[in-house]
Amino acid sequence: MSRRLAVLTAGAIAAAGSLAWSGWPPHSDYLPILICYEVIGLSFLVAGIAAWARWPASRLGLLFTIAGYLYLVPYILVNLANPVAFTIGNLSQGIYTAAVAHLGLAWPAGRLRSRFECGVVIAEYVTAAGFSVAAIVFWNPAFSGCDASCPANVLLVGDGSRPAGNAINAIGGFVGLVLTGIVLTLIVRHWRSARGWSRRAMIPLIWLAGAVGAEQIVTGSALDLPLSSLISFGLAPLVMLAGPVLFVISTVRARTAGGALGAAIVDLEPGASPGRLREALARALGDSTLQLAFRRPDGTGYLDTAGQPVEVDRPDPGRVVTRVVGSERAVLVYDQGLELEPQLVRLTAAAASMALEHSRLQAEVQAQLEQVRASRARIVQAGDAERRRLERDLHDGAQQRLVTLSLALGMARDRAAADPELGSLIESASKEAREALTELRELARGIHPAVLTETGLAGAIQALVERSPVATTITAVPAGRLPAAIEATAYFVVSEALTNVAKHAMADSAEVTICQRPGRLVVEVSDDGAGGARPEGGSGLRGLADRVASVGGALRVDSPPGCGTRLKADLPCP
Amino acid sequence: MIPGLKDQAKLRVVIAEDTVLLREGLRRVLTDAGLDVAGTAGDAEQLLSQVAAARPDVVLTDIRMPPTQTTEGLQAALEIRRRWPGTAVIVLSQHVETEHLFELLAGDPRGIGYVLKERVADIAQFTDAIRRVAAGESVIDPQVVSRLVARPRRDSPLETLTEREQAVLALMAEGRSNHAIANQLYMSPKTVETHIGNLFAKLGLLPAAEDHRRVLAVLTYLRQ
């Protein structure tokens, strides 16, 4: 940085010194123009420093600085009141145009793209220098209205020749015009073939090219229009200024790209798709062509976020591939021009890696959660199946045997009519058997209600309501069959709710409503009791909430003290 | 043909029950009680073919039978009623729930019985139930009815019934005739009719002369 500062300081001192040396104000009529030239020259120097700082790997900074000195120095020399300096100044006044053409063709990497372009640039320098030397030999300062106070042209041959000088200038102007045309065409071709970052980076250049083109056309064609001097001395320098200024502005904006990258990653919502990540990174990097590509699961090549195949091992011309750190699968493919901003690319790759890692972890957690959910549902369903089996075993086994026993006891009693004592013994045994049957029936029903499997929710809820010790009405219940897990869950919700109503609510009445909505089953049990039920208190409600969650539903308990209890289960139901 | 018109001297019965021990026990008990067991079946398919072959007066069937152990017996009973409407059917259930009961009664309640399985222990009562359904009455298990009657209700006219009226109502729900109610409650048939008139008025039910309509009306009312 200090070297660049030194260059700039030297330029600035030289410029200021030149003004002082030439006796302030030297030619008061031309003072505004002079200041204008100084500002343009300095702006190229500033742009050179900016380019050095922004793209250390590019020779653009050097080219800016050379153009700046080639622009500035001749004007300083011309004003030094020294014949040699005056002559060199006049001689070198037009060479900066070659440097600007060089700058334009080498944009933005600072390297020329082909041998042809090298030739064009050499031709630019040779033409500018050659015709200047040829012309200066015939140029008497007096031709330009310079009086005796002007320094002498040390290269003047004899008294000079105005027609010869004009002819050389005209030829030189024409050749220069042709070269400018070639350079502008090449630049437009660069612009048109550039994509993404490189295209953005060419925006200030297009301004500069336009400005130089306009100036060259006006001065080179030596049009003697009334406005030509205004364009030549007024407008062209101002447009000339636009190039470096735009470049500096774009540099300042680029410096905030790192911040933009941070913002882009922060704005990226958790679990954003790779497509969204690509958009955020492309925005931050200023390269709309940025691709985020992932290796196919079978390992045969890469696909970008739009599903298009990407050649990673042999990228397209002008494209560069960078692997995303920490991910064996992901690569970034971007415009080659971005190699000038290695820091930004590194930051982007790091951001991509973080975002992808985040997504991966999130997907992992999601998958685990899904597994846990599925296994919970399976456990509950297995429990249900087990209860069904148990109930059936009780029915087919113990209950049938007890009925058979009762029948046998009945027969025995009929035959023991002659022996009252035996009769009463048998009668009491029979009574025991009956009670055992009743208890067993209740037990089996509690384990699993057969009526639910046999007839569905409507019958089972009716059965629950019939046995509820609190007056309970059913306002709605779907008549058709539903998935077994949903039927069972809805049944247990109502069963548990009615048990709670009977045990705790001190209610006079309760109401059961089961409604089928699109994709859902809403089970509601409300009572007019004391309220104050806490979902977190009591294992009954907590178990019920778990059970509802096992099928992906949600349980809500609304129980303000003194205002009854409303239990609502929202179950997914296809 | 209405079952009641059949000569009751020797009722022909088909028994469907998948537990062999119980099935054979029932056969013996019913034969001892003077009924003609015309066939036995271990599942619904056998039952239907037995009924088709023997054309019994009464079919006795367990609700749960192979292969699915759910409601095969009930479905078979409905099928029998559809194909041979004159056949009386008693369904043996282990549920006090009324869902199956209403499915069974929905068509024509005449000659239909819904009895808890453990009733077989009281042989006299059980054979009486068989004879009643054979005579075209409805027989609803007293325990099923008493649960319906005892259900808590709010602002129900049922609460305004006297104890006597409630007893009459329960017996009506069990499918008893006026005569049987009078006998059981030691009243004159006239008194029974008065009670029935009063309680129907209190409940807002239309008096039904026929017993089988009365059963359904009362049960439906109680179930609400």
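Helices α7 (residues 163–173) and α8 (residues 178–185) of chain B have axes that come within 10 Å and cross at roughly 135°. The model is predicted: local features need pLDDT of at least 70 and side-chain atom pairs pLDDT 80 or more, while totals for chains, interfaces and linings use all residues, and side-chain values use heavy atoms, without hydrogens and water. Residues are numbered from 1 along each chain as its sequence is written, with chains lettered from A and ligands numbered from 1 in the order written.

- Axes are lines fitted to C-alpha atoms, for helices over the stretch in contact, and angles run from 0 to 180 degrees between N-to-C directions.
- Helices (H or I, at least four residues) and strands (E, at least two) are DSSP runs, numbered from the N terminus.
- On the α7(B) side, the contact with α8(B) uses B:Arg164, B:Ala167, B:Val168, B:Leu171 and B:Met172. On the α8(B) side are B:Ile181, B:Gln184 and B:Leu185. Contact means heavy atoms within 4.5 Å.
- By class, this α7(B)–α8(B) contact has six nonpolar, one polar and one charged residues. Ala, Val, Leu, Ile, Met, Phe, Trp, Tyr, Cys and Pro count as nonpolar, Asp, Glu, Lys and Arg as charged, and the others, Gly among them, as polar.
- The axes of α7(B) and helix α9 (residues 189–203) of chain B also come within 10 Å, crossing at roughly 90°. That makes α7(B) roughly perpendicular to α9(B).
- α7(B) meets α9(B) through residues including B:Arg164, B:Glu165 and B:Leu169, with B:His195, B:Phe200 and B:Leu203 among those of α9(B).
- The α7(B)–α9(B) contact has seven nonpolar, two polar and three charged residues.

**Sheet in chain B**

- Six strands of chain B form an open sheet in the order β2-β1-β3-β4-β5-β6, with parallel pairing. Two strands pair if DSSP finds at least two bridges between them.
- The edge strands are β2 (36–41) and β6 (139–140) of chain B, each pairing on one side only.
- Strand β1 (residues 12–16) of chain B runs parallel to β2(B), joined by five bridges. B:Val13 stands opposite B:Val37 in β2(B).

**Sheet in chain A**

- Five strands of chain A form an open sheet in the order β6-β7-β8-β10-β9, with mixed pairing.
- β6 (471–476) and β9 (554–558) of chain A each have a single partner strand, so one side of each lacks a neighbour in the sheet.
- Eight bridges join the antiparallel strands β7 (residues 509–517) and β8 (residues 520–527) of chain A. A:Val512 stands opposite A:Val525 in β8(A).
- Helix α17 (residues 484–505) of chain A packs on this sheet, touching β6, β7, β8 and β10 (566–572) of chain A. The direction of α17 makes about 10° with that of β8(A).

**Backbone points in chain B**

- A cis peptide bond joins B:Pro66 and B:Pro67, with omega about 5°. B:Pro67 lies in the loop between β3 (58–62) and α3 (72–83) of chain B.
- B:Arg55 has a positive phi, near 45°. B:Arg55 is in the loop between α2 (44–54) and β3 of chain B.

**Confidence**

- Chain B has a mean pLDDT of 87, and 96% of its residues reach 70 or more. pLDDT is the predictor's confidence in each residue, from 0 to 100.
- Over residues 1–6 of chain B, pLDDT stays under 50.
- The complex has an ipTM of 0.85 and a pTM of 0.62 from the predictor.

Methods
Angles under 35 degrees count as roughly parallel, over 145 as roughly antiparallel, 65 to 115 as roughly perpendicular and the rest as oblique.
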